Amino acid sequence: MPADQEKFYQREVILADRDLVEQGAEEILENAQVADVALLVVGDPFGATTHTDFILRATERNIPYKVIHNASIMNAIGCCGLQLYNFGETVSIVFWTDNWRPESFYDKIAANRERQMHTLCLLDIKVKEQSIENLLRGKKVYEPPRYMTVNQAAQQLLEIIENRRSKDQSLALTENTLCVGVARVGADDQKIEAATLSAMANVDLGGPLHSLIIVGKVHPLEIDMLKLFTKNKEDIAKYAEEA
């Protein structure tokens with residue numbers, strides 16, 4: 001891909017991973033004091049605090065900058081038919097491990113549900129991750145990349161629901177809560193599917209990247225749109241009646 005970009009831009013392109021962007025920020029800014037430097041990012045540049053940090057550092061050094069905005073999942077998610085101003089706080093769902101199973105993302109979803117708002121769940125990405133053994137030994141050996149899917153996220157949420165039900169806690173969502181899974185938004189092969197949470201646990205949307213929406217209170221137009229993306233329109237209609 002860098003070779004294709006170099007041909008297009010007629011410039012040298014350096015593939016910048018997180019280490020380079022975060023740890024090599026000073027070098028990038030030093031170069032920007034004597035030449036034009038462009039940082040190309042996926043999505044909108046202000047979708048991450050890393051890029052906000054660049055602006056602050058450039059300002060401190062009196063380095064002029066220009067931001068060219070781009071679409072990101074934060075606004076492109078409107079493609080599923082849910083209205084953007086009905087979304088609450090965005091949450092991240094992380095991969096569980098054998099000894100680390102956080103549930104904080106569920107509580108944020110619950111808070112949005114109490115306000116009758118939808119929740120965009122960004123799903124975990126593991127790229128250039130080191131095993132504990134290699135990390136302790138200082139070996140720059142990385143694990144194969146992993147990308148959480150909508151069915152994996154749904155399965156984790158179902159486990160949290162079952163866990164809280166066993167403790168007689170009130171539930172903000174259940175197996176029948178309506179969800180929307182999206183994959184590769186903006187690509188020619190993007191996929192969108194609306195289903196209950198229990199059904200979403202068995203949905204296969206193909207390759208990454210995936211996001212999951214937990215639906216809140218719905219407008220009639222939102223319901224009509226969601227019917228375009230479901231295999232079971234009865235579930236959508238039933239949810240509309242209950243909401």
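**Group meeting: salt bridges, core and cysteines**

I'll start with a salt bridge: the side chains of Arg164 and Glu103 meet at 3.0 Å, N to O. A salt bridge here is a side-chain nitrogen of Lys or Arg within 4 Å of a carboxyl oxygen of Asp or Glu. Arg164 sits in helix H8 and Glu103 in the loop between E1 and H6, so this pair ties together parts 61 residues apart in sequence. Helices (H or I, at least four residues) and strands (E, at least two) are DSSP runs, numbered from the N terminus.

This is a predicted model; local features need pLDDT of at least 70, side-chain atom pairs count only at pLDDT 80 or more, and totals for chains, interfaces and linings use all residues. Residues are numbered from 1 along each chain as its sequence is written, and side-chain values use heavy atoms, with hydrogens and water left out.

Arg164 is buried at 12% relative accessibility, while Glu103 is partly exposed at 21%. Buried means under 20% relative accessible area, exposed over 50%, and partly exposed in between (1.4 Å probe, protein chains only).

The whole structure has 12 salt bridges. Another one pairs Glu89 with Lys108 at 3.6 Å, N to O. Glu89 is in the loop between helix H5 (73–76) and E1, and Lys108 is in helix H6, so parts 19 residues apart in sequence are tied together.

Now the core. Which residues touch the most other members of the largest nonpolar core? They are Leu157 and Leu212, in a core of 29 residues. By nonpolar core I mean a set of buried Ala, Val, Leu, Ile, Met, Phe, Trp, Tyr and Cys residues joined through side-chain atoms within 4.5 Å. Helix H8 gives the most to this core, with 7 residues. Leaving aside neighbours within four places in sequence, Leu212 is in contact (heavy atoms within 4.5 Å) with residues including Cys121, Leu157, Cys179 and Met200. A second, separate core has 17 residues, among them Cys80 and Tyr239.

On the cysteines: the structure holds 0 disulfides (cysteine sulfur atoms within 2.5 Å). For Cys80, the nearest cysteine sulfur is that of Cys79, 5.9 Å away. Cys121 has its closest cysteine sulfur in Cys179, at 8.1 Å, too far for a bond. Cys80 is buried at 0% relative accessibility, and Cys121 is buried at 0%.

Asn112 in helix H6 is buried, with a relative accessible area of 0%. Leaving aside neighbours within four places in sequence, its contacts are Gly88, Glu89, Met117, His118 and Thr119.
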